[in-house]
Amino acid sequence: MNNYRYVIAVFALLALYTTAAAEFDRSLIEADWLQQAQSWRNLSRTQTATGQDALGAVDGVKDGKFGFHTERTANPWWQVDLEKVMPIAKILVYNRLDYAPGLHNADTMKVLISNDGEQWTQIHDCAGKHFGGMNDLGPLNLSFEKGKVNARFVRLQIPSTAPVYFHLDEVEIFSFDQPDQNIALWMPAEQSSKSQWSMNKHRVLETDETLFPVEETQERLLKFAAYLKEQGVDATKIAAIEKDIARTGEKSPKEEYLRLRQLGRQLVLMNPLLDFDRLLFVKRNTQLSYPDICLNHMPWVSRPGGDDESPHFQRRRTVDANSRLRRKALWRHERPRSAQPLL
Ligand SMILES: [Ca+2]
């Protein structure tokens, strides 16, 4: 009887352990999938390098510095796409504050609107009058009567045949429908060129954000399933997964996305190319200035690998001198010939 209880207890502990381990692993994997969804969201809204820099004027950050920065060209411009024609009540343009009045290119700025991004109508000309931003002078404040300014695109442009830079802190737009909400915030933006000061601006999504690449993931998985069938993987097993991939709309977009990624994982693991006994992970060196990846990423405190002269390896050297030679060979000469992602 005692033995019986002991066996039950051991099995219960094992079940608890394996359940906890499985949940732990899954949460890590899902966190990675969610991070990829966030990157997708950022990229899907802004595909161009100029657009990524242009987001700096609709990122909600107002600090008197430049939010975007074009190259020095004739007639540089910046614009935001409100994604549909909106009844615009007010436009606020926040200038950089590290330029004295009279020296700032934006003092001659014109404001234009468009419904299609091609035909533009001018609605304001600063004509050399300086405007401020996050200071006592305040931003350029353009208020309109209802029905006067309806537009999808708002463009700011410096009219100049001589090459000039264009840079601002922030642009806010308010509509008659939502008078208290900045409708330009994180909307797709563009600008005429990028400069050495341009940067990729990324929106940090809230965890409850509901936009996930469900359809895109579905499409990719079905293509990959077709590829696996071509590679001779059991068609019945693939068909069952394909059925699951096609079944969407029952859960929230986030749950659907994670469910699809889980199915994708199953498919990837069915790839006949994954037929090997050992798998070597090699961290690529991404540093430009200090290429000694061993000291930076595998310090003496980590095992195995790391600094040859660490106490750990000094001890090991006396035990197995050849192991050091093998490690050095691995670091210096053996690199994967190709590293194509499987999915
Ligand atoms: Ca900004």
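This is a predicted model: local features need pLDDT of at least 70, side-chain atom pairs count only at pLDDT 80 or more; totals for chains, interfaces and linings use all residues.
Which residues in H3 meet which residues in H4?

Residues are numbered from 1 along each chain as its sequence is written.

The protein has 8 helices and 7 strands; these are DSSP runs numbered from the N terminus, with at least four residues (H or I) for a helix and at least two (E) for a strand. Of the 343 residues, 22% are buried, a term that requires 20 or more other C-beta atoms, placed from the backbone, within 10 Å of the residue's own.

Now to the helices. In H3, Gln218, Leu221, Leu222, Ala225, Leu228 and Lys229 meet Ala235, Ile238, Ile241, Glu242 and Ile245 of H4. Contact here requires C-beta atoms, placed from the backbone, to lie within 7 Å. By class, this contact has 8 nonpolar, 1 polar and 2 charged residues; Ala, Val, Leu, Ile, Met, Phe, Trp, Tyr, Cys and Pro count as nonpolar, Asp, Glu, Lys and Arg as charged, and the others, Gly among them, as polar.

The axes of H3 (residues 214–230) and H4 (residues 235–246) come within 10 Å and cross at roughly 170°. Axes are lines fitted to C-alpha atoms, for helices over the stretch in contact, and angles run from 0 to 180 degrees between N-to-C directions. H3 and H4 are therefore roughly antiparallel, the term for angles over 145 degrees.

H3 also packs with H5 (residues 253–269), at an angle of about 15° and with the axes 10 Å apart. These two helices are therefore roughly parallel, the term for angles under 35 degrees. Residues of H3 in this contact include Phe224 and Leu228, and those of H5 include Tyr257 and Leu267. The contact of H3 with H5 has 10 nonpolar, 3 polar and 2 charged residues.

I turn to the strands. E2 (residues 110–114) and E3 (residues 121–125) run antiparallel and are joined by 4 bridges; pairing requires at least two bridges found by DSSP. Leu112 stands opposite Gln122 in E3. The two strands form a hairpin with 6 residues between them, and Gly117 in the turn has a positive phi of about 80°.

Finally, Ile113 lies in E2. Ile113 is buried because 21 other C-beta atoms lie within 10 Å. Ile113 and Val154 are 41 residues apart in sequence, yet 4.6 Å apart in space, C-alpha to C-alpha.

Note on methods. Angles under 35 degrees count as roughly parallel, over 145 as roughly antiparallel, 65 to 115 as roughly perpendicular and the rest as oblique. Two residues are in contact if their C-beta atoms, placed from the backbone, lie within 7 Å. A residue is buried if 20 or more other C-beta atoms lie within 10 Å of its own, exposed if 12 or fewer, and partly exposed in between; C-beta atoms are placed from the backbone.
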